[in-house]
Amino acid sequence: MLTASAASPLVAQQLGAMAAQLRPGGAPVSSPVQDVVAADSDDPRGAGFGALALPLVMSGLAGAVLLTFAIPSLAWRTAGTAIFAVLGGLDVAWIAQGWLSLLPGSYITLAGVMALTVLAVSGTVVGLAAAIGRAGFGLGALTLLLLGNPLSGATSAPELLPQPWGAIGQYLPPGASATLLRSAAFFDGAGGAGPLTVLAAWAAAGLVLVVVGGLRGRSAGEAEHGREPALA
């Protein structure tokens, strides 16, 4: 039996246990279980990898709140969001790979995945706040943190979650990020197109929401300005 513990140590362990119980013709299976793509030796159970999703989401949420309150201009706030995402991706990738040794592979590639994750989260929340006000913070936290993190499958596998929740989780930034990180770190990018598209779509949606918020603010300002002569 061929397994890939890098994709999910929990699934690989379950398959190994199933193989040990197979007895065709009353005899146990003689061929061993072979781990063709092993998890990182410093994180054989995937606990460290599973813990990466939450800090990425929480840092994105925190950054979005700080940028919204600290920078009045939407244009500068958008630029600040992009800069925050790049620096956050570089920093978290260095911690995960250089300090904790949780992920193999190219540092630049991993940093890019993490930066895109932070951008998808922070950009969406900044956009929601610009479009609908402070309620956007609550909506973003509810969707991306309270819903997205448990459904990410980072600690197990999306297929082990109740369906259709496991599939839905892959369309949220935490789930897409976990899948893309596994792909980039262990499988040379195989199967990464889907989650990459999901993260890019969330980042683009955040930019669209920022534009909507800017247009709404401009319309409100023009309406207020148009009423001034009448009030005078």
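The model is predicted: local features need pLDDT of at least 70, side-chain atom pairs count only at pLDDT 80 or more, and totals for chains, interfaces and linings use all residues. Residues are numbered from 1 along each chain as its sequence is written, and side-chain values use heavy atoms, with hydrogens and water left out.

The chain has a mean pLDDT (the predictor's confidence in each residue, from 0 to 100) of 87, and 90% of its residues reach 70 or more.

The structure holds 2 cavities of 30 Å³ or more. A cavity is a set of points, on a 1 Å grid over the protein atoms alone, where a 1.4 Å probe fits but cannot get out; lining residues have an atom within 4 Å of a point. A volume is the space filled by probe spheres set on the points, which are joined across faces, edges and corners.

| Cavity | Volume | Lining by class |
|---|---|---|
| Largest | About 120 Å³ | 8 nonpolar, 5 polar, 4 charged |

Ala, Val, Leu, Ile, Met, Phe, Trp, Tyr, Cys and Pro count as nonpolar, Asp, Glu, Lys and Arg as charged, and the others, Gly among them, as polar.

The largest cavity is lined by 17 residues, of which Ala6, Pro9, Asp43, Gly46 and Phe49 are the closest to its centre. Helices α1 (9-21) and α8 (173-186) are the elements that give two or more residues to this lining.

Phe49, Leu52, Ala53, Leu56, Pro174, Ser177, Ala178 and Leu181 line the second largest cavity. Here α3 (53-70) and α8 each supply at least two residues, and α8 gives the most, with 4.

Terms used: On a 1 Å grid over the protein atoms alone, a cavity is a set of points where a 1.4 Å probe fits but cannot get out, and a pocket is an open set with protein on both sides within 12 Å along at least five of seven lines; lining residues have an atom within 4 Å of a point.
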